[in-house]
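This report concerns one protein model. It treats strand pairing, a helix and its surroundings, and aromatic pairs in turn.

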Amino acid sequence: MVEQEQSAFMLHSRPYRENQQLVDLLTEYNGKVTAIAYSGKTNKSNKKGLLQPFLPLKIVLKGHNQLKNLSRVEASGKSYQLNHHYLYSGFYVNELLVRLLGEHVICAEMFQCYQKTLFDLSQQKSIETILRQFEMMLLDELGLSIDFSPVFELTSSSYYYIQEQGFIPALDKLPLPCYDGLHLQAIAQQELSTQQVLNTYKVLMRQIINGLLDNKPLNSRKLFIKRELN
């Protein structure tokens, strides 16, 4: 990896060794990268205050192994201010990137999409629309774009979605969500003006993403549910 300055965001951090932490970064040029950050106690060496979610950074990475060293980090702008449900949505987006993106895979469009997602959340636009657009872009980045052509080419009124197979007509009863064909057509054309279509969109994306996660729960979802109950 060339040692160059680049834009980045910290997605997640965890303790490592004494005065060190491991940080998952989404970077402009190198995709998702895990790096060691020294979090000493002096003002010169302390990076901990900068390694916060949703803060635009300029960083330099060093090292020839997969695990890099974060040699320099500075803020490149003001932190995106997210509150309440918008904050939980930001954590959800970060967790998806940490768990689904491969390491050191260039994804410039995903980086731009992430920045736009944070901006839209900070402007308190429609959470449902913001998250669905992000999820779609993430699937595209993973090479798992949804093929909606069957819902236009076939005449069934409802469909199932099966991983590795896509949409099939709902002819037999299956233990899967059943989707209205007109709703799927609207999603394909990004006509998201009704709550019914948005609800279908949410269930579809949750089914697909849960499959990618092997149905292992997301901590950000559990946090959201816990906050809702309090």
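## Terms and basis

Contact means heavy atoms within 4.5 Å. Helices (H or I, at least four residues) and strands (E, at least two) are DSSP runs, numbered from the N terminus. The model is predicted: local features need pLDDT of at least 70, side-chain atom pairs count only at pLDDT 80 or more, and totals for chains, interfaces and linings use all residues. Residues are numbered from 1 along each chain as its sequence is written, and side-chain values use heavy atoms, with hydrogens and water left out.

Two strands are taken to pair if DSSP finds at least two bridges between them.

Strand 6 runs antiparallel to strand 7 (residues 166–169), to which 4 bridges join it; within this pairing, I162 has G166 as its bridge partner. The hairpin of these two strands has 3 residues between the strands, and E164 takes a positive phi near 75° there. Strand 6 is also antiparallel to strand 8 (residues 179–180), with 2 bridges, and S158 is bridged to D180 of strand 8.

## Helix 5

In helix 5 (residues 181–188), the residues G181, L184, A186 and I187 are buried. Their cover includes strand 6, strand 7 and strand 8, together with helix 3 (127–141), helix 4 (149–153) and helix 6 (195–212). Just after helix 5, Q190 adopts a positive phi of about 55°.

## Aromatic pairs

Rings of Phe, Tyr and Trp (its six-membered ring) pair if their centres lie within 6.5 Å; planes under 30 degrees apart count as stacked, over 60 as edge-to-face and the rest as tilted. By this rule there are 6 aromatic pairs. The ring centres of F9 and F111 are 5.8 Å apart and their planes stand at 45°, so this pair is tilted. Because F9 lies in strand 1 (residues 5–15) and F111 in helix 2 (residues 108–122), the pair ties together parts that are 102 residues apart in sequence. Both F9 and F111 are buried.

For Y161 and F167, the ring centres are 5.0 Å apart and the planes are at 70°, so the pair is edge-to-face. Y161 and F167 are both buried. One aromatic cluster is formed by F9, Y80, F111 and Y114.

Definitions and conventions. Buried means under 20% relative accessible area, exposed over 50%, partly exposed in between (1.4 Å probe, protein chains only).
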